[in-house]
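Welcome! Here is a short briefing to read with the picture beside you. Take a moment to turn the model around before you start.

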Amino acid sequence: MAIAVGFTSKPEGVAALETAIDEARLRDLGIIAVVPDDADLQVAQQRLASTGVAHEVRPCEELQPLADALLELAETSAVEFIVIGLRRRTPVGKLLLGSNAQRILLDAPCPVVAVKAAPHPPVDGG
């Protein structure tokens, strides 16, 4: 069994990967990270290589959305759950959950853990 994680180098993607690493260590599972592009692929490989957690990093197929890649992985592999990152939204933005996140939450054949990136610390004005 493994944990599937959608990774981008944005703060919400980093939060998802860090959560997946913590959960993998806790549950003694591997990680399959799905990434949308080559730059993210290298970042994910470097971060996971430093953890000691069994892992695999897979690029999305050409022009395949990250949501499709994660859902396909969950349907065809032994995935215990999926970890995705969510970005913070304005009150208006909260009316519409991101389409990728919404699709994964609604269509995944396994549990989904959704995490937010840590808020930026306040800037000291004095």
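The notes below go from the whole chain to the sheet, and then to one helix.

Please keep in mind that this is a predicted model. The protein has 126 residues, and its secondary structure comes to 4 helices and 5 strands.

**The whole chain**

- Of the 126 residues, 42% count as buried.
- The accessible surface comes to about 7,500 Å², and 54% of that belongs to carbon and sulfur atoms.
- If you take the contacts between residues at least 6 apart in sequence, 71% of them join residues at least 24 apart.

- The 5 strands form an open sheet with parallel pairing, and their order in it is 3-2-1-4-5.
- Strand 3 (55-59) and strand 5 (112-116) each have a single partner strand because they stand at the edges, so one side of each has no neighbour in the sheet.
- From one strand to the next, the twist averages 20°.
- For a look at one pair, find strand 2 (residues 30-35), which pairs with strand 3 in the parallel sense over 5 bridges.
- Within strand 3, histidine 55 is the bridge partner of isoleucine 31.

**Helices on the sheet**

- Helix 2 (residues 38-49) packs on the sheet and touches strand 2 and strand 3. The direction of helix 2 makes about 175° with that of strand 3.
- Helix 1 (residues 11-27) lies across strand 1 (2-6), strand 2, strand 4 (79-86) and strand 5. Helix 1 runs at about 150° to strand 4.

**A closer look at helix 2**

- Helix 2 has 12 residues and reaches 16 Å from its first C-alpha to its last, close to the 16 Å expected at 1.5 Å a residue.
- Which residues of helix 2 are buried? They are Asp40, Leu41, Ala44 and Leu48.
- Looking down the axis of helix 2, you would see its buried residues fall within an arc of 105°, so they line one face of the helix.
- What covers the buried residues of helix 2? The cover includes helix 1, strand 2 and strand 3.
- On the other side of helix 2, the exposed residues are Asp38, Ala39, Gln42, Gln46 and Ala49.

Conventions:
Residues numbered from 1 in each chain as written. Predicted model: local features only at pLDDT ≥ 70, side-chain atom pairs only at ≥ 80, totals over all residues. Heavy atoms only, no water. Helix = DSSP H or I, 4+ residues; strand = E, 2+ residues; numbered from the N terminus. Buried < 20%, exposed > 50% of the residue type's maximum accessible area, 1.4 Å probe, protein only. Contact = heavy atoms within 4.5 Å. Areas by Shrake-Rupley, 256 points an atom, 1.4 Å probe, with all protein chains shown as cover. Pairing = 2+ DSSP bridges. Axes fitted to C-alpha atoms, helices over the stretch in contact; angles between N-to-C directions. Expected span 1.5 Å × (residues − 1). Arc of directions from axis to C-beta.
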